[in-house]
Amino acid sequence: MIHRLLAVLSLAFFVGSAVSAEPFVQGGPIGSQTPDGYNALGPVVQQPIEFPHYRHARDMGINCMYCHTGARRGYVSVIPRIDKCIGCHQNIESVRNKPRIKKLFEYWDKKEPIPWKKVNDLPDYVRFNHERHIQRFYFRQNRPVREVCGYCHGDVANMTVDRRVKALSMGWCISCHQKDHKESDTNMKTSHGPGECWQCHK
Amino acid sequence: MSESGINRRDFLKVLGLGGSSLALTGCGNTDIRSGDELVMPNVHPEDFVVPGLSVFYASTCTQCGSACGVMGRVREGRVLKMEGNPESKISGGKICGLGQAAVQVQYNPDRLTQPMMKVGGSLQPVSWDKAMALLEEKTGPKSGINGEEFAFMTGAMSGHLKVLVENYLESLGSKNHYVYEALSPAVSFAAYKQVYGVDMPRLHFDKAKLIVSFGSDFLGTGASPVHFAAEYAKFRKAPRGTLIQIEPKMTMTGANADRWIPIIPGTEGVFALGVANQLLKHEEFAQSVPSDIVTLVAKYDPETVSSITGVRSELVGHVAALLWEKSPSLVISGASVEGHTHGVQNAVAIQLLNKILGNVGKTLDGQAQSPFPQIAPNAGSFAALKSVNDGMGSGKFKAVFIYGANPVFTAPSFMGLRDNLRKVPFKVAFVNAVDETAEECDLVLPIYTAVEDFGSHVAWYQPEGVEITMQQPLMEKLYSDTRSMGDIMLELVKQRRADEYKAWPDFLSYLKTAVVNIKSAVKYTDTDEHFWYDTLSHGVIHVDAPQQQIGSNFSSAMLNLPATADPQDPKFPFYLVPSERHYFRDGRHANCGWLQESPDPLTTIVWDSWAEIHPKTAESMGIKEGDYLEVSSQNGTLKVKAYLFPGIHPDAISIPLGQGHESLGRFAKGVGVNPFKILNPVFEVNTGELAMYGTRVSVKKTGESEIVVKDEGPVSTQMGRKLVVTLPADVAQLSKEI
């Protein structure tokens, strides 16, 4: 009898997890669970304009950092300034009257900032520095940009608006820092990331 | 083990499975949010704006008169932090807490955001058009006002805004520029002028082996605390200099002294002459002063001096011995010396010691002579307040402008200034927050704070050469309906001098033209545009200028000190010491929460006023900490909590200045008491300045008591144990050590 109970519960678990997980709007793998058991998947976030990352980053092949300019030089990767969008779209007649682009130009004409909702929102007591990570993985190690950004943010290039797909918790960050990999010909172990609390909790 | 169903092992297995599935789909990390907060992009910013990265702009701190060069850290168009500008010789790249609080002045929740006009007895918001129309109606060319009927009261000013104010007065044909500082340096300047021929000499702490300071709180208040703190650090480096402080109530500088000597207020000059008496016994000093002074000084033997000053006679010889032994030395004085009827004579007697010791030209010499007298600073005085008060009282003035001063708060009540101000038909205040004076005005105009405005400043104390510190906006104006004081003044000057000023649409262009004229004086060879931007980016212009020669002119006529201390009035037996706190000064920044929260360095009290009283005196009167006392002069009473403090003369009681506001904002209003109000009409005889330390008071217990909010905890932290053994000063034989 107990075995039947176990079987039912196991089934319920697998079925349950499938049922309780929200379906993706666009494709992309669900990120890993953290060792400390935190849920990696963020909610679907409604944005003022349903910006299609897949059209820009995948189809047009635009580098993430063309718009998210702060990633290589500061703490925040920066939500692009509206004139970044306008810079191209003022010259693209073919899509000028599409509904989302018309909405964009409404904001631009009123010189009003688009009130995006923050998707990857760390608590105020954490200070994450994009620059160090981008400088290491993109500029020094020359990895492809979708791999570098995607490690933490998932396959955004296949999404419309962004959705958090990794836990972004401290345990999750540490799990990457604790990986050993080759630093140089003589050094096969890394320093396992910042050893001091204040490096992130400033 | 139960037959029918689940045994413990299986039960735990089920629980475990259920538990882990819950963890995998359920609780989540709620600190990591998604879709809660907004992230607003810029629309069309400047190219260099990177969200998250700070840029630094150089400017001038205007929180006190030191004109320290500072930098503001600006992120996303908001100034967030002030730091020192390393290029400034005055600040040396450092900044004090008062300067840091400039950020709070900017984000002051009680900022005035719109012009206000008095309608039916209360201030109502109006548009700038209406405000400027009223200004034009009352003081413009068609108003018929003549120069005699107009008065402009300002605080101490320097730089190009000062020039504009003076030009405006000139355009009106008015000579009535009243420069008022509640804590005025006028007595100090008069004394220095008398003996050295300059208002303020340059002091070289780093060259001195011994500093004897008669009440000069150079680390806290005074001419340039940031600069002097750095000089003091040099002074204390090996071989370590010695500091002796002689004052009625311990200041922050006094707390740093190696030897602190309490003295009856007003008798410091006598003590100095006593020390001179001992010094002149040395052959090498006997010829240093004219014979009339030698004769005069001979009367001040240690016993006489002791009976007048209350200081033990052996200390007179001890201080003299230290001065003779540790050379070069430097003897300076401060507000507690100057604030008496014979303040100038006190200060002169103290400078006599420098003369005798040969310090003049060594540790004390001249500052650089400014080649630009027009932008040189003016100095405030009480005499100016008295003049304008008399004028207002007699009905002489039809219009009064007030900028950079809050006389309704700082004027003693015997002056009746508020009533006199009410007699003036048209009063205008230029402020960034409504203070007591603005409350009385008919028109209150909201001006930019220092971090929003352009300007130029020249400090009174210049450590090297002449430094013109530039002020530039660290951010765009926070409130759309405020205006720059410079722009307002320019518009007013143009009312009568439109042609002369037509080349300049705003204060910025005026300032730029004027500053660019300095280019040749600093031998800058590039274009005007580059000079302007270089100047703004460096924040300071250093002008080499020849050093002022200081004379040395002492005569016995200047040393006419009273033979005895002020007689004890049995009705008002205590000496009131209205102390100046570094962060409060004359009280203008009392609405900064950071400053209220910063504990007083001596008492650690926050968000309040207090009356410092010597523990022995308190014991004899049955006063304990927190007892509400009534401190009364002939001109008013203050109700204030007692704080027992050994660093005060037993016959003195000290209440700090700067609190007791009735306006100015939520963090200032109703906090503490205002000792300015109860000062008696006692005046320094040479200058007519208010003798702020010359008021005598009575002290009475009210019977009420309340906890004193302070950081230090119980004063007697040893609680009867002998963790740190202390000895009373007269037992400890301090003279064997210092």
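Into which domains does the domain assignment divide chain A?

**View 1. The two assigned domains of chain A and the contact between them.** In this predicted model, the domain assignment of chain A gives domain 1, made up of residues 23-78 together with 117-181, and domain 2, which covers residues 80-115. Where these two domains of chain A touch, domain 1 contributes 6 residues and domain 2 contributes 7 residues to the contact. On the side of domain 1 of chain A that touches domain 2 of chain A, the residues comprise 4 nonpolar, 1 polar and 1 charged.

**View 2. Domain 3 and domain 4 of chain B in contact.** The assignment for chain B lists domain 1 (57-106 + 450-481 + 503-546), domain 2 (108-180 + 381-447 + 488-497), domain 3 (186-365) and domain 4 (568-705). The centres of domain 3 and domain 4 of chain B, taken over C-alpha atoms, are separated by 26 Å, and 26 residues of domain 3 of chain B are in contact with 26 residues of domain 4 of chain B. On the domain 3 side of this contact in chain B, at least two residues each are supplied by helix H6 (186-196), helix H8 (252-255), strand E12 (259-262), helix H14 (335-338) and helix H15 (343-357). Sorted by class, the residues on that side of domain 3 of chain B are 15 nonpolar, 10 polar and 1 charged.

**View 3. Helices H9 and H13 of chain B crossing each other.** The axes of helix H9 (residues 268-279) and helix H13 (residues 313-325), both of chain B, come within 8 Å and cross at roughly 60°, which means that H9(B) is oblique to H13(B). The crossing in which H9(B) passes H13(B) is right-handed. From H9(B), the contact is made by B:Phe271, B:Gly274, B:Val275, B:Gln278 and B:Leu279, while H13(B) brings B:Val316, B:Gly317, B:Val319, B:Ala320, B:Leu323 and B:Trp324. In this contact of H9(B) with H13(B) there are 8 nonpolar residues and 3 polar residues, but no charged residues.

View 4. When neighbours within four places in sequence are left aside, B:Gly72 is in contact with B:Phe56, B:Tyr57, B:Ser59, B:Val79, B:Met82, B:Val451 and B:Leu474. The C-alpha atom of B:Gly72 is separated by 8.4 Å from that of B:Gly84, a residue 12 residues apart from B:Gly72 along the chain.

Key:
Residues numbered from 1 in each chain as written. Chains lettered and ligands numbered in written order. Predicted model: local features only at pLDDT ≥ 70, side-chain atom pairs only at ≥ 80, totals over all residues. Axes fitted to C-alpha atoms, helices over the stretch in contact; angles between N-to-C directions. Helix = DSSP H or I, 4+ residues; strand = E, 2+ residues; numbered from the N terminus. Parallel < 35°, antiparallel > 145°, perpendicular 65-115°, else oblique. Left-handed = near helix turned anticlockwise from the far one by under 90°. Nonpolar A, V, L, I, M, F, W, Y, C, P; charged D, E, K, R; others polar. Domains from an automatic or database assignment.
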